[in-house]
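Try each task before you read its solution.

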Amino acid sequence: MAYNVAQKLIASHLVSGEMVPGTEIGLHIDQTLTQDATGTLVMLELEALGLDRARTEVSVQYVDHNLLQADSKNAEDHDFLRSACQRFGLWFSKAGNGVSHPTHMQRFGVPGKTMVGSDSHTPAAGSLGMLAIGVGGTEVALAIAGEPLYIRMPEIWGVKLTGELPPWTSAKDVILEMLRRHGVKGGVNRIVEYYGPGLATLTAMDRHVIANMGAELGATSTVFPADEQVRTFLRAEQREQDFTELVADADATYDVTEEIDLASIEPLIALPSSPGNVVPVREVAGRPVEQVVIGSSANPGLRDFAIVAAITKGRQAFPGLSLDVNPSSRQILQDLTIMGATLDLIGAGARLHQSGCMGCIGMGQAPANGSISLRTMPRNFPGRSGTQEDSVYLCSPETGAAAALTGQITDPRDLTELFGLEYPQITVPAVSSVNLAMLEEPLPPEESIAVQLIKGENISSLPVFGPLSERIEAPVALIVGDDISTDEILPAGARVLPFRSNVPKLAEFTFDQVDPTYPTRAAQTRDTTGHMIVAGANYGQGSSREHAAITPRFLGLRVVLAVSFARIHWQNLANFGALALQFTDAADHDRIKRDDVLVLDGIREALSNGTEILVRNTTRDEVYSVRHELSTRQIEMLLVGGLIPWLRARHAQGATVPEDVR
């Protein structure tokens with residue numbers, strides 16, 4: 001049978017199920033990635049599981065999100081993460097070494113391998129011919145412990161690339177074109193696989209840009225073949241021995257197909273406040289800009305910084321505009337400096353920040369209220385920048401550089417007429433400045449077993465949630481519309497993220513951008529009836545942070561009734577014992593009001609037997625039909641209170657991970 005690249009990756013790691021779209025499959029996982037905003041809970045979960053040592057080929061903990069140390073919280077959590085890596089046998093990437101995704105690609109990515117990460121942009125590793133999937137932290141912890149990853153088998157969406165990108169455009173415009181066509185829900189329950197003659201013109205790091213923002217399409221993952229461009233990348237990283245060719249069979253087919261002529265791509269930009277709100281730059285040219293931020297995992301390559309340096313070289317950023325540069329890794333900053341591009345950026349008035357996520361996650365560089373900030377980042381959800389009334393646009397480095405010079409949104413193709421600039425031709429070093437000094441190897445088993453976890457006062461134990469009730473009668477504490485992101489459920493940024501390992505404190509920020517009264521009102525239900533949330537379509541899009549499921553659950557959440565769910569958040573709700581149900585008739589969403597009391601009777605029996613589930617609104621004397629998409633395994637989890645109690649019960653009954661998938 002002829003396979004495409006995604007099917008080859010799945011087939012070679014399949015431990016349960018069949019490759020039939022929509023059915024549950026189990027996959028053996030080779031590598032894991034965690035970052036400090038989500039990794040603290042992962043390490044607490046490893047402790048709760050009683051893990052002796054990581055059973056993956058490679059597991060790496062990065063410190064790239066919470067780099068501002070305004071008090072002791074972040075520093076103490078970094079100490080905890082380092083001690084956990086020593087205890088459980090993980091690699092540790094020090095603060096300032098770089099953003100997890102490009103750094104992992106440079107140092108650990110291997111064609112043909114599988115990886116899960118507690119970060120929704122983990123699919124960036126698909127640029128090397130890997131199957132990389134963003135999931136909740138609990139599932140990463142289980143993968144580290146040797147358990148399979150269970151997902152719904154996605155459709156494979158083949159996107160054929162032809163032609164070559166014209167000057168003043170780059171890979172960011174390709175993924176923005178996909179978002180322009182399909183929006184933030186177009187990739188749900190799909191793996192996007194790029195193929196065709198146009199691939200030969202895209203470097204491995206160009207592909208990283210596209211694969212990274214496949215998450216904004218809602219895709220399970222994005223996959224590229226491992227071809228000569230990947231070999232060239234690994235050779236530059238002095239790891240050519242890790243290269244294995246992985247390409248689609250000549251007669252491979254796809255469930256869904258698409259074609260993009262790269263030559264037809266023009267500069268694009270995503271308007272506030274959604275990555276799917278994409279228009280040509282020309283349509284919004286002239287709007288005043290006060291900030292341009294270059295960097296993040298969505299434009300992390302050396303080329304992405306060097307092109308901005310080349311465009312701005314010998315010129316000054318527009319008066320009153322802040323040009324901010326977040327180097328994505330220390331290695332890339334080294335190479336940028338060797339090229340002389342760092343001095344060009346400084347000469348243009350750029351502010352250089354730490355190697356890390358920084359402004360992307362609202363960790364500094366927050367813009368002024370109401371002012372336009374152009375960013376080469378993956379997301380512009382409301383308030384994500386750290387400013388409540390932000391106005392963030394997403395663009396390519398070329399478009400960002402053009403705005404930096406003109407002080408307004410400018411089509412970069414106009415720079416030729418405005419400044420006599422021809423499109424710069426960037427040549428990056430053939431061999432990268434490999435620097436392993438800030439990567440700490442796992443301790444040997446005989447040493448790691450004696451390591452004690454270092455827990456500061458800001459680290460709390462994981463909350464324990466009870467089994468699912470047979471009858472749930474609870475008020476509706478909140479009603480929200482479509483495309484609510486995890487940033488809106490639980491904000492990121494310097495104000496909130498320092499409490500990521502302190503669930504009781506973190507819960508105080510839940511939904512505070514949507515309804516500041518929610519935490520107080522919800523907490524009043526915690527020890528009595530609990531409460532429900534009613535949501536629109538694509539509920540929980542965006543970040544993989546499981547905190548967005550844990551904190552509402554901690555505040556008493558029992559059930560979410562939604563028109564539809566984003567994949568990762570839907571799984572996270574089940575992992576922590578919250579029931580995710582979908583309206584059979586989407587119009588029923590609008591029939592329910594806040595504080596209505598809803599009743600589900602015989603819920604355990606209905607889930608176990610597959611019988612119809614009805615929700616009775618006692619306030620309005622109405623009944624709504626709902627459904628679920630939970631697998632048998634997920635139902636078993638819910639009945640006992642979530643993933644960790646389920647796993648403990650399995651192990652108590654003698655269930656083990658098969659030797660052939662450890």
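**Exercise 1.** Within what distance do the axes of helix 7 and helix 8 come, and at roughly what angle do they cross?

*Solution.* Start with the ground rules: this is a predicted model, where local features need pLDDT of at least 70, side-chain atom pairs count only at pLDDT 80 or more, and totals for chains, interfaces and linings use all residues. Residues are numbered from 1 along each chain as its sequence is written, and side-chain values use heavy atoms, with hydrogens and water left out.

Step 1: find helix 7 at residues 204-212 and helix 8 at residues 228-236. Helices (H or I, at least four residues) and strands (E, at least two) are DSSP runs, numbered from the N terminus.

Step 2: the two axes come within 9 Å and cross at roughly 110°. Axes are lines fitted to C-alpha atoms, for helices over the stretch in contact, with angles from 0 to 180 degrees between N-to-C directions.

Step 3: helix 7 and helix 8 are therefore roughly perpendicular (under 35 degrees is roughly parallel, over 145 roughly antiparallel, 65 to 115 roughly perpendicular, and the rest oblique).

Step 4: Ala204, Met205 and Arg207 of helix 7 meet Gln229, Val230 and Phe233 of helix 8; contact means heavy atoms within 4.5 Å.

**Exercise 2.** Which residues make the contact between helix 20 and helix 22?

*Solution.* Step 1: the axes of helix 20 (residues 567-575) and helix 22 (residues 632-640) come within 8 Å and cross at roughly 45°.

Step 1: helix 20 brings Trp570, Gln571, Ala574 and Asn575, while helix 22 brings Arg633, Gln634, Met637 and Leu638.

**Exercise 3.** Is Ser120 buried or exposed?

*Solution.* Step 1: look in the loop between strand 6 (114-117) and strand 7 (131-134), where Ser120 lies.

Step 1: Ser120 counts as buried because its relative accessibility is 5% (buried is under 20% relative accessible area, exposed over 50%, partly exposed in between; 1.4 Å probe, protein chains only).

Step 2: leaving aside residues up to four places away in sequence, Ser120 touches residues including Gly542, Ser543 and Ile568.

**Exercise 4.** Where does Thr486 lie, and which residues does it touch?

*Solution.* Step 1: Thr486 belongs to helix 16 (residues 486-489).

Step 1: with 0% relative accessibility, Thr486 counts as buried.

Step 2: beyond residues up to four places away in sequence, its contacts include Gly542, Ser543 and His569.

**Exercise 5.** What surrounds Asn435?

*Solution.* Step 1: Asn435 sits in the loop between helix 14 (415-419) and strand 20 (439-440). Its relative accessible area of 27% makes Asn435 partly exposed.

Step 1: not counting residues up to four places away in sequence, Asn435 touches Gln331 and Gln334.

Step 2: a polar atom of the Asn435 side chain lies 2.9 Å from the backbone nitrogen of Ala437.

**Exercise 6.** How many helices and strands does the protein have?

*Solution.* Step 1: the count comes to 23 helices and 27 strands.

Step 1: the radius of gyration is 24 Å, close to the 26 Å that the globule rule gives for 662 residues, so the protein is as compact as a globular protein of that length. The radius is taken over C-alpha atoms, and the rule is 2.2 Å times the number of residues to the power 0.38.

Step 2: to finish, 63% of the 662 residues count as buried.

Conventions: A polar contact is a pair of N or O atoms within 3.5 Å; within protein, one must be able to donate a hydrogen and the other to accept it, and residues adjacent in sequence count only if both atoms are side-chain atoms.
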